[in-house]
Every structure is written in C-alpha cells, then in structure tokens.
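I opened this entry to record what I looked up and in what order. The structure comes next, and my notes follow.

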Amino acid sequence: MALVPCQVLRVAILLSYCSILCNYKAIEMPSHQTYGGSWKFLTFIDLFVVAVFWIIYAYDREMIYPKLLDNFIPGWLNHGMHTTVLPFILIEMRTSHHAYPSRSSGLAAICTFSVGYILWVCWVHHVTGMWVYPFLEHIGSGARIVFFGSTTILMNFLYLLGEVLNSYIWDTQRSMEEEKEKPKLE
C-alpha cells in the first residue's frame, strides 16, 4: 500500500519531534554546547504560541483554526504544534542553563524578530490577498495595529519572564551545589 501525503506528513512530524527530544541535555556532549548558539534564549517566547493560539481558539475556533483543517490536520497533530510546545519549554528550562545576553540586546532581538514576523505576515497578505491567520480578516486595520503591538509587548514580557525564571532556577541550583561542597565544621 502506497503512502498518501497525509501519512508522509505524520511520519515527518513524528521524526522531527523525536529529533527534538534527542537534543535535550540528558548527558554532556559537545553538540550541546553549540545547540541554538546565541539565539537559544529565544525559546521561552514559544509560550507565546501556546497562549495566543489557545486563547483565540477558545474565543472563536474558526478565526484561527477552521474546522476545514480537521480534514487535513488531525487533532493530535494540532496539539503537537500548539500544546506540546509547553512541556518541552519547561523541560528545557530545567535541564539547560541559558546564558542570556544583556537585557537591552535581548529585548532588541525580540522586537526585531517580532517586527520582522509582522512584516512577513503583512507581505503574505499583500501578495496573496489572504491573511495567514484568518482572524486578522475579521478585525479592522486599527485593531490589527493594536494586536501586533500588544503581541510584541507580550513577547517582551515572556522573554523577561524566561530570563527571571532561568536565573532563579539555576542560581538556586548553584547555591545548593555550593552548600554540598562546603566542608562541615563540627
């Protein structure tokens, strides 16, 4: 029996998730030292994908993920793209220390990424006449500007939250390790 494109897509996604799992720092390997490079600190903003998608989905599913897509993308795959991101973020935060750049550099990178992505979404609309995210069709241009601005602010907030949590987790762990290494005076 020949594979239909949908089955090929499912296998490709399964393999990509397996490769992601293999990249988590279970043992010390040289490849982990370069994984993500200086941009690795951006991973916590993936929480943005989870939050915004499910908020809009709960408000009106047709605005972000029309039922028509169920014919092509099964429910488990939707959760694979929009839900399983969260546990992977939390696992990575606990298993990998992130060396954040200066706060101004990090926020500048987030803003640059955000503006670049917004421009790309607008460019796709300009070329095709269709919005990448269907809910953008249902709101006015002023509301789009407010939405894009608020999402940029949210991404900056999530970046700062990731920085604070990373610092808290890894500074606490370092303090505990230093306590164990100190000789006890009795």
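I began with contact, which I take as heavy atoms within 4.5 Å. Leaving out residues up to four places away in sequence, I found that Ser114 touches Thr152 and Met155. I noted that Ser114 lies in helix α7; helices are DSSP runs of H or I with at least four residues, strands are runs of E with at least two, and both are numbered from the N terminus. Ser114 is buried because its relative accessibility is 2%, where buried means under 20% relative accessible area, exposed over 50% and partly exposed in between, with a 1.4 Å probe and protein chains only.

I wrote down the ground rules. The model is predicted, so to speak of local features I need pLDDT of at least 70, and side-chain atom pairs count only at pLDDT 80 or more, while totals for chains, interfaces and linings use all residues. Residues are numbered from 1 along each chain as its sequence is written, and side-chain values use heavy atoms, with hydrogens and water left out.

**Pocket**

I looked up the largest pocket next. A pocket is found on a 1 Å grid over the protein atoms alone, as an open set of points with protein on both sides within 12 Å along at least five of seven lines; a cavity is instead a set where a 1.4 Å probe fits but cannot get out, and lining residues have an atom within 4 Å of a point. Grid points are joined across faces, edges and corners, and the volume is the space filled by probe spheres set on the points. For the largest pocket I have a volume of about 550 Å³. Its lining has 21 residues, and the closest to the centre are Phe48, Val49, Tyr117, Tyr133 and Met155. Helices α3 (47-59), α7 (103-128) and α8 (141-181) each give two or more residues to this lining. The largest share, five residues, comes from α7. I sorted the lining by class and got 17 nonpolar, three polar and one charged. Here Ala, Val, Leu, Ile, Met, Phe, Trp, Tyr, Cys and Pro are nonpolar, Asp, Glu, Lys and Arg are charged, and the others, Gly among them, are polar.

**Salt bridges**

How many salt bridges does a search of the whole structure find? I got two, taking a salt bridge as a side-chain nitrogen of Lys or Arg within 4 Å of a carboxyl oxygen of Asp or Glu. One joins Asp70 and Arg61, with the closest N and O atoms 2.5 Å apart. Asp70 is partly exposed at 36%, whereas Arg61 is buried at 18%. I also found Glu163 and Arg103 in a salt bridge, 3.1 Å from N to O. This pair links distant parts of the chain, with Glu163 in helix α8 and Arg103 in helix α7, 60 residues apart. Glu163 is buried at 14%, and Arg103 is partly exposed at 45%.

**Aromatic rings**

I pair rings of Phe, Tyr and Trp (its six-membered ring) if their centres lie within 6.5 Å; planes under 30 degrees apart are stacked, over 60 edge-to-face and the rest tilted. My count is 10 aromatic pairs. Phe53 and Trp54 have ring centres 4.9 Å apart and planes at 90°, so I list the pair as edge-to-face. Trp54 also pairs edge-to-face with Tyr57, at 4.8 Å and 65°. I noted that Phe53, Trp54, Tyr57 and Tyr65 form one aromatic cluster.
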